[in-house]
Amino acid sequence: LAGSLIANTTLLEPNFMSRVLIYSFAAATLGGLDSLGGAVIAGIIIGLVETMSGGYIKLIGGTLAPTTALVVIVVVLLVRPNGLFGSKRVERV
Amino acid sequence: MASIRIRQGTPAQRAYAWVPWILVALCFIYPLFAYKSWMPAVGSLDQAFRVTPINEVICYAVAILGLNLVIGYSGQLSLGHSAFVGLGAYTTIILVSDHNWSFFTTIPVSAAACFLLGCIVGLPALRIRGLYLAIVTLSLAFVFPTLVLKYGSLTGGPNGKKPARGQAKMDPPSWVPFNNAGRLASPLWVYTILMVMAVILFILARNFVKSRPGRALIAVRDNQTSAAVSGVNLPIYKVLAFGVSAAFGGIAGTMLMINKPFASDTQFTIQLAIFLVVGLVIGGAGTISGAVPGALVYVFIPYFMSAWTNDQSGMPVGIKQITRPLFDWLSTRQGKGAIAGVFFGVLLLITVFILPGGIIDGLRRLRARIIAVTPNPGWLRDRNRTRGLKPIDPLEDPAGSNVGPLDDVIADNA
């Protein structure tokens with residue numbers, strides 16, 4: 001279903017899903033891999049950060065826009081290693 | 001149970017330990033002479049220029065070796081290795097074509113640059129683990145080509161970068177037994193150089209893994225908490241694993257440039273990162289030698305898939321009859337070269353199901369079924385001789401019931 005929705009916006013070619021794959025991975029990670037609502041919110045955050053930083057910050061421009069989204073993920077994961085809404089893992093020895 | 005047993009310390013056991021290495025060395029030397037007419041040519045090695053893909057195998061083997069240090073030994077899933085290989089390649093190519101360095105002097109520079117970048121990437125690994133770390137490193141692989149495009153004045157952008165014609169022409173060093181004369185000699189001396197570099201790097205990696213830091217990494221992989229409790233400094237060793245792995249990747253990038261002095265953003269994409277991991281798993285994660293079959297698979301499956309879909313005549317005879325319908329069908333399709341990706345996926349699944357430890361682990365288990373080395377502890381033999389007991393033969397008495405009373409041993413250890 002997501003594939004058919006995306007196919008309208010981009011050119012249909014065998015590799016077109018790889019970008020979508022990266023973004024969906026990114027959203028799932030940011031929200032926390034075991035949280036459904038987190039993925040939705042994180043998806044919105046990533047999309048907004050990417051387009052707005054691309055539009056407003058000149059240095060970033062069009063080419064580095066995907067990078068900013070990934071930087072956001074790294075920073076968030078550094079603060080919360082299980083994502084924004086992920087549940088904490090209990091470590092046993 | 002193994003069908004053949006060899007006792008330790010016998011000539012048979014010594015031969016068993018040495019002959020495989022001699023065979024491996026012969027395999028390394030063979031491509032240098034395969035093109036000569038007096039040598040029976042195996043496969044398509046009958047001409048010197050066909051050595052070029054083997055050179056590529058050597059480079060990627062070093063890259064996979066580096067990846068193995070971080071994934072196989074320290075247990076941190078890193079999907080950003082293509083960025084390290086790319087950084088090494090670009091460091092070399094920029095220094096060579098813009099600053100007139102020679103290829104060899106760029107090796108320490110690209111290794112150091114990649115070591116630094118690897119340490120920086122390793123820092124998040126201190127807090128992030130497992131799949132999350134995979135995503136973070138994957139983002140590095142994703143970002144690298146866009147950075148290359150962004151700074152096009154330095155990296156050549158989408159056109160790629162290579163030394164200008166006639167500039168920075170690489171001559172064979174004096175210790176290589178080939179000169180640059182003749183169109184076909186060049187891949188051979190490049191092969192010699194790369195092989196020497198790779199052998200040195202493999203020995204370094206083996207020593208690294210067997211030394212104190214390597215054991216610390218394995219401890220971190222097996223159980224982080226117990227490793228920390230046992231006195232392993234987690235932050236330092238985790239970052240070190242990334243740094244060393246990245247340095248190997250950078251040298252692999254330099255080696256790729258020695259082989260083919262051309263770098264472009266399409267070479268070092270996310271695909272390379274993923275295929276390197278696939279090669280690592282197929283070859284065997286956590287084994288040093290697993291990098292070689294991994295790289296062979298990585299280079300030769302696309303190579304032969306695209307060759308065979310066009311022309312089946314070069315295929316080995318036994319396989320040809322079985323796979324003919326498949327390749328007949330494939331050759332009528334569009335985009336037939338892309339089928340290699342499908343085969344990678346299938347091969348990965350098969351490997352994970354049949355050989356969970358990769359090709360090398362499978363070979364080792366097969367060998368253990370055929371040949372077993374029985375230990376022949378010298379102290380037991382000497383002791384029984386001095387006490388006038390019957391000499392122990394572990395082949396006849398694996399359970400050791402003929403050892404005799406062990407009271408003296410107990411007394412010695414008391």
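## A look at chains A and B

Chain B has 17 helices and 2 strands. Helices (H or I, at least four residues) and strands (E, at least two) are DSSP runs, numbered from the N terminus. This is a predicted model, where local features need pLDDT of at least 70, side-chain atom pairs count only at pLDDT 80 or more, and totals for chains, interfaces and linings use all residues. As for bookkeeping, residues are numbered from 1 along each chain as its sequence is written, chains are lettered from A and ligands numbered from 1 in the order in which they are written, and side-chain values use heavy atoms, with hydrogens and water left out.

### The two chains

Chain A contains 4 helices and 0 strands, and its elements go α-α-α-α when you start at the N terminus. The table sets out some totals for each chain. In it, buried means under 20% relative accessible area, with exposed being over 50% and partly exposed in between (1.4 Å probe, protein chains only). Accessible areas come from the Shrake-Rupley method with a 1.4 Å probe, and for residues, only the protein chains shown count as cover.

| Chain | Buried residues | Accessible surface | Carbon and sulfur part of the surface |
|---|---|---|---|
| Chain A | 32% of 93 residues | about 6,000 Å² | 71% |
| Chain B | 47% of 414 residues | about 20,900 Å² | 66% |

Next, contacts: a contact means heavy atoms within 4.5 Å. Take the contacts in chain A between residues at least 6 apart in sequence, and 40% of them join residues at least 24 apart. For chain B, residues 24 or more positions apart account for 71% of the contacts with a separation of 6 or more.

B:Ile6 sits in strand S1 (residues 4-7) of chain B. Is B:Ile6 buried or exposed? B:Ile6 has a relative accessible area of 11%, so it counts as buried. If you skip its neighbours within four places in sequence, B:Ile6 touches B:Ala12, B:Gln13, B:Tyr16, B:Ile371, B:Ala372, B:Val373 and B:Thr374. Now pick out B:Asp265: B:Ile6 and B:Asp265 are 259 residues apart in sequence, and their C-alpha atoms are 53 Å apart in space.

One of the contacts of B:Ile6 is B:Ala12, and B:Ala12 belongs to helix H1 (residues 11-33) of chain B. B:Ala12 is partly exposed because its relative accessibility is 44%.

### Helix H3 and its partners

Helix H3 of chain B spans residues 81-99 and packs against helix H11 (residues 270-283) of chain B at an angle of about 115°, with the axes 7 Å apart. Axes are lines fitted to C-alpha atoms, for helices over the stretch in contact, and angles run from 0 to 180 degrees between N-to-C directions. So H3(B) is roughly perpendicular to H11(B). Angles under 35 degrees count as roughly parallel, over 145 as roughly antiparallel, 65 to 115 as roughly perpendicular and the rest as oblique. The crossing of H3(B) and H11(B) is right-handed; a crossing is left-handed if the near helix is turned anticlockwise from the far one by less than a right angle, and right-handed if clockwise.

Which residues of H3(B) and H11(B) meet? From H3(B) come B:His81, B:Ser82 and B:Val85, and from H11(B) come B:Leu272, B:Ala273 and B:Leu276. Sorted by class, the contact of H3(B) with H11(B) has 4 nonpolar, 2 polar and no charged residues. Here Ala, Val, Leu, Ile, Met, Phe, Trp, Tyr, Cys and Pro count as nonpolar, Asp, Glu, Lys and Arg as charged, and the others, Gly among them, as polar.

H3(B) also crosses helix H5 (residues 130-150) of chain B at roughly 30°, and the two axes come within 8 Å. H3(B) and H5(B) are therefore roughly parallel to each other. On the H3(B) side, the residues in contact include B:Phe84, B:Leu87 and B:Tyr90, while those of H5(B) include B:Leu140 and B:Phe144. The classes in the contact of H3(B) with H5(B) are 8 nonpolar, 2 polar and no charged residues.

B:Thr92 is another residue in helix H3 of chain B. B:Thr92 counts as buried because its relative accessibility is 0%. Not counting residues up to four places away in sequence, B:Thr92 is in contact with B:Phe103, B:Thr106, B:Ser110, B:Thr254 and B:Met257.

### H4 against H10

Helix H4 (residues 106-122) and helix H10 (residues 234-259) of chain B cross at roughly 145°, and their axes come within 7 Å. The crossing of H4(B) and H10(B) is right-handed. Among the residues in contact are B:Thr106, B:Ser110 and B:Phe115 of H4(B), along with B:Phe242, B:Gly250 and B:Thr254 of H10(B). The contact of H4(B) with H10(B) divides into 13 nonpolar, 7 polar and no charged residues.
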